[in-house]
Amino acid sequence: MSDLLKALGPVRVMVIAAVAAGIIGFFFFITMRLATPQMALLYSGLELGDSAKIVEKLESMSVPYKLVGDGSSIMVPEDQVLRLRITVAEGGLASSGSVGYEIFDRTDSLGTTSFVQNINHVRALEGELTRTIQSIEQVASARVHLVLPKRKLFSRDEREPSASIILRTKGGRLSPSQVRAVQNLVASAVPKLDPTRISIIDQNGTLLARGAAQGGAVALATSLEEKKVALENRLRAQVENLLEQTVGLGKVRAEVTAEMDLNRITTNSEIYDPDGQVIRSSQTVEEQNSNQENAEDQSISIATNLPDNDLGDETAIKNQSSGSRTQETVNYEISKTIKTQIHEAGTIKRLSVAVLVDGRYQDAGADSPQVYEPRSADELSQLEELVRSAIGYDEERGDTVKVVNLQFAEVPLQEMPVQELNVMGFNKTDIMRIAELLVLAIVAILVILLVLRPLIARLITVPERQPAPSAANEQAQLPPGEEAETKALSPPLPGGIQTITRDDGTLVAVDESGKELTAREVANQTGHVDAAIDIAAIEGKVKASAIKKVGELIGRHPDEATAVIRSWMYGS
């Protein structure tokens with residue numbers, strides 16, 4: 001091992017260590033990336049207190065998690081989302097701080113005072129109402145405060161309960177009907193609580209419902225406004241749906257303005273019919289009387305007042321009168337009609353309808369834009385008649401209908417919502433996960449084959465010095481025809497210069513001492529350029545033949561040629 005390290009040298013050892021560290025780090029990253037679970041949303045929009053409770057529960061269960069959005073959202077492994085939601089719901093950890101009737105399960109009833117029981121009852125009722133209100137789709141969170149006064153002892157007056165609610169909505173205010181629904185929901189859950197004693201505000205401090213009984217005028221105005229808006233929307237939808245069947249979808253716009261009578265009139269009347277009299281009762285009285293006067297008046301004495309007093313002859317009658325009277329009373333019953341007529345507010349006084357209709361578009365050619373063509377007056381008149389029939393047009397009431405034909409402005413096309421990709425039961429997340437794994441696997445294979453393997457082979461191979469190629473080897477590699485041609489050039493050259501043929505078949509020029517001479521040295525010694533040219537021609541032919549042979553060998557065995565050249569480079 002030490003001999004191998006010495007042969008490699010310190011530079012190669014450091015390079016090998018750096019490459020090994022990089023490769024280990026790369027595969028460690030791939031391993032961690034593959035081992036990291038895919039995270040999915042557990043809960044979002046949580047209060048910080050609820051997030052702390054859920055995080056504590058996850059840590060106790062040794063479940064990896066990730067906090068997102070300032071701690072209001074919690075991410076957990078995708079394969080454990082459903083189980084963890086059930087666990088969190090079982091413990092009541094995501095209740096946004098509200099406590100329901102489970103508060104009575106957590107306390108010991110023994111030794112608890114009535115005051116504490118009443119407070120817990122109010123808290124439980126508030127918590128249950130909060131959870132119920134939060135189940136509304138447009139409500140993000142809610143807080144409910146109840147005031148349930150107790151009747152004092154020996155007191156006849158009883159205070160009415162009241163409530164206040166704050167709502168955090170999602171993307172806009174609640175409609176008046178939704179606000180009344182919340183009021184009635186809370187009033188139905190609390191004994192003797194009137195809906196008019198519930199005040200509601202939103203997260204912006206806007207008053208949605210008053211906490212006192214609304215007067216008749218306020219309630220009536222609210223109801224009439226809603227009735228007016230509903231009437232206008234209904235008439236507008238009727239007109240647009242009717243005309244779109246003729247002019248085309250999206251080529252008509254209508255606006256309706258309804259003027260309503262806000263006066264509530266009550267009329268009481270009594271009507272008598274003199275021709276319809278009937279005898280109710282009849283009374284008749286008859287009276288007769290007579291009167292007589294004596295001629296002489298007798299004196300009044302004791303004798304006249306004694307019993308058995310004979311006054312003698314009867315006294316003469318001086319005056320005598322008599323009379324009779326008859327009276328009849330008849331009572332008649334005359335027919336009477338009592339009428340009470342109430343004219344409720346909200347009747348239609350006048351309607352104004354404005355309709356905008358687009359024209360027609362004619363094709364001008366394959367590459368030309370469409371040409372706009374306005375609608376005719378007869379067609380607009382027919383459309384106006386349709387609108388009048390649809391809204392119940394009344395000329396005496398002063399209704400107005402106007403249909404105008406104008407070209408609509410071009411509206412940019414909105415992007416259609418992209419449907420979630422689903423291939424063989426795999427959604428977009430699963431497909432992206434599979435693609436990520438495939439990419440990492442391909443990158444790892446390429447790194448091993450193209451980087452790691454050649455680099456390690458190059459670094460750990462100890463180069464051996466190869467002997468320089470001799471002329472004999474080069475001559476041995478020449479084709480047979482070229483070797484014969486070279487041997488034919490063996491006659492002696494002028495100037496006493498001898499040529500010899502080596503054992504390997506190479507022809508060289510030598511002097512008298514046997515020293516090999518180059519073509520330039522031959523020319524300098526003999527002064528014959530022709531001899532030098534012959535030597536150069538021979539050497540050039542030999543070199544050209546050798547180069548051609550080497551090229552053919554390299555073409556047939558490229559890998560071995562590369563190894564030989566690499567060994568030469570290291571050897572130098």
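Student: Which residue is the bridge partner of V353 in β14?

Tutor: V401 is the bridge partner of V353. This is a predicted model, where local features need pLDDT of at least 70, side-chain atom pairs count only at pLDDT 80 or more, and totals for chains, interfaces and linings use all residues. Residues are numbered from 1 along each chain as its sequence is written, and side-chain values use heavy atoms, with hydrogens and water left out.

Student: What makes β11 and β14 a pair?

Tutor: Pairing needs at least two bridges found by DSSP between two strands. Six bridges join β11 (residues 347-357) to β14, and the two run parallel. So they pair, given that cut-off. Strands here are DSSP runs of E, at least two residues; helices are runs of H or I, at least four; numbering starts from the N terminus.

Student: Why are β8 and β14 called edge strands?

Tutor: The open sheet has three strands in the order β8-β11-β14, with mixed pairing. β8 (252-261) and β14 (400-405) each have a single partner strand, so one side of each lacks a neighbour in the sheet.

Student: Which helix lies across β11 and β14?

Tutor: α9 does, running at about 145° to β14. Axes are lines fitted to C-alpha atoms, for helices over the stretch in contact (heavy atoms within 4.5 Å). Angles run from 0 to 180 degrees between N-to-C directions.

Student: What makes the pair E379 and R360 a polar contact?

Tutor: Their side chains come to 2.9 Å. A polar contact is a pair of N or O atoms within 3.5 Å; within protein, one must be able to donate a hydrogen and the other to accept it, and residues adjacent in sequence count only if both atoms are side-chain atoms. The 2.9 Å value meets the distance limit.

Student: How do you know that the buried residues of α4 share one side?

Tutor: In α4 (residues 81-91), the buried residues are V81, L84 and V88. They cover an arc of only 70° around the axis, which puts them on the same side. The arc is taken from the directions from the helix axis to the C-beta atoms. L82, I86, A89 and E90 are exposed on the face turned away.

Student: Why is S62 called exposed?

Tutor: The relative accessible area of S62 is 66%, so it is exposed. S62 also has a positive phi of about 55°, although it is not a glycine.

How values were computed. Buried < 20%, exposed > 50% of the residue type's maximum accessible area, 1.4 Å probe, protein only.
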